[in-house]
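Colleague: I have just opened this one and I'm new to it. Could you walk me through it?

Modeller: Gladly, here it is.

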Amino acid sequence: MANQIAILILGMHRSGTSALTGMLGKAGIPLGTEFIDDVADVNKKGFWEHKRLVEINEAILAHLGKSWFSLDVAAELSNVGLFELAKFKQQAITFIETEFSGAPIFALKDPRMCVLAEFWLDVFQSLEIETKVIVLNRMPDEVAASLYKRDKLPVLIAQQLWLEHTLGCLRVCQLQFDVVTIISFEDFLNDPSRFLTKVLQQFSLAIPINIDAASGFVEPNLRRQHCHEQQKNLANDLYNALNTADFDLDRVLQEYQQKCQQHSQQNMPYLVALTEAFIAMNREIIAHQHSEAKLTRLGQSHSLALATIDERDKQLDEFNLCLNKQREELSYAVTVVEERDQQLNDLAKELAHAVAVVKERDQQLANLYSQLKQEGAAHGHAISVIEERDAQLTKVIQELAALQQKYDDLDSLSAVDFTWRKMKRKLDA
């Protein structure tokens, strides 16, 4: 994955690295796709820590028997050696290759990387990815106050953690001093656009960025812990040394590594006791949170049950309304059915009467048919008689016609002819 650049944002927890990383993201530098959840009253604008990056770092810490607030993590990492962490290295390589494949530049932020820097530099070296480092330096007293407010972490542990995380950052700077920017948290908040311009110039990043829009992500009210007077302690001494212009990195690193080791040895009994007390307190808090969570879940379940009961009551009311309406409709339907039944009964009676009448008419028709049949026979005889009489009448008419003809003939004869014919008939007789 040559020709890639990874910007590592390093700094102790609660040092403003979230605001810085969020600004770089708004400037268009890829940060990844999935981050740990935001917490409104802690980092309202987000932590900008990639979820997989945190998972890998937490797994390494667990392998070392450590956690994010543990001391001497870098020393334990050196004692274990990178070979023993080979499986975590492969996970880290897979994460980088999967999440940032094809990205010419990207940025990563997780305060745990300060004490695990040796591991991550080895990962990027294996991937042939160029690394550039930004270290944010915030006053230890403000960091301790912020951690106490968030986690109730004892101040002495917070100060020792600040020393170890900052020295881890300086060891990275010693290895890559030409690509490192160290800036104070206060300067960053006061002029974020100036800082962003400085980063682009120092890292020679030729990428199109709207500096004003990106720097607008940073708000001065993100700083909620203010310390106007420093306490005299080793952490504040190192903080002041890093804020000195043109400080000697090698000298500062060597001096404060020795002082930190001595400080740790002198205060170890107190640090151990405080750590154990903090762990015990956290266990109680976690147990209490679990109890509260159970009560919350029970309360939510109870509220849900009450809401469900209310909903069911409303549904029952609606069902009762529907049922009453259906009962009214059913009652009306029964009335209509009874009315129709009465009408049917009346029709049945009328039909029975009609059937009786039809039967009576059928009987009358049968009688008429019988009478007609009888009368038909008589009628046939009468017709025969009439026909016979008609034949006789025709014959008589014919005879009358013949007689008429004869009469006409006789009427036309003269008296002489009539006398002669009369005599002839006598003679013939």
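Colleague: To start, how many salt bridges does the count come to?

Modeller: The count comes to 14 salt bridges, where a salt bridge is a side-chain nitrogen of Lys or Arg within 4 Å of a carboxyl oxygen of Asp or Glu. Please keep in mind that this is a predicted model, in which local features need pLDDT of at least 70 and side-chain atom pairs count only at pLDDT 80 or more, while totals for chains, interfaces and linings use all residues. Residues are numbered from 1 along each chain as its sequence is written, and side-chain values use heavy atoms, with hydrogens and water left out.

Colleague: Okay, which residue does K132 form a salt bridge with?

Modeller: K132 pairs with E130, and their closest N and O atoms are 2.9 Å apart.

Colleague: And is K132 buried or exposed?

Modeller: K132 counts as buried because its relative accessibility is 5%, and buried means under 20% relative accessible area, exposed means over 50%, and partly exposed lies in between (1.4 Å probe, protein chains only).

Colleague: What about R138 and E142, how do their side chains meet?

Modeller: They meet in a salt bridge, at 3.1 Å from N to O. R138 is buried, with a relative accessible area of 6%, and E142 is buried too, at 1%.

Colleague: And E339 with R340, what is the N to O distance there?

Modeller: The salt bridge between the side chains of E339 and R340 has an N to O distance of 3.9 Å; E339 is partly exposed at 42%, and R340 is partly exposed at 43%. Elsewhere, salt bridges that share partners join E49, E58, K109, D110 and R112 into one network.

Colleague: Changing topic, which residues form a nonpolar patch on the surface?

Modeller: L393, V396, I397, L400 and L403 form that patch, with about 460 Å² of accessible area together, as given by the Shrake-Rupley method with a 1.4 Å probe, where for residues only the protein chains shown count as cover. Patches are made of residues with over 30% relative accessible area and no salt bridge, with like charges joined within 9 Å and nonpolar side chains (Val, Leu, Ile, Met, Phe, Trp, Tyr) within 5 Å.

Colleague: Where is L403 found?

Modeller: L403 is found in helix α12, residues 249-412, helices being DSSP runs (H or I, at least four residues) numbered from the N terminus. L403 is exposed, because its relative accessible area is 51%.

Key: Helix = DSSP H or I, 4+ residues; strand = E, 2+ residues; numbered from the N terminus.
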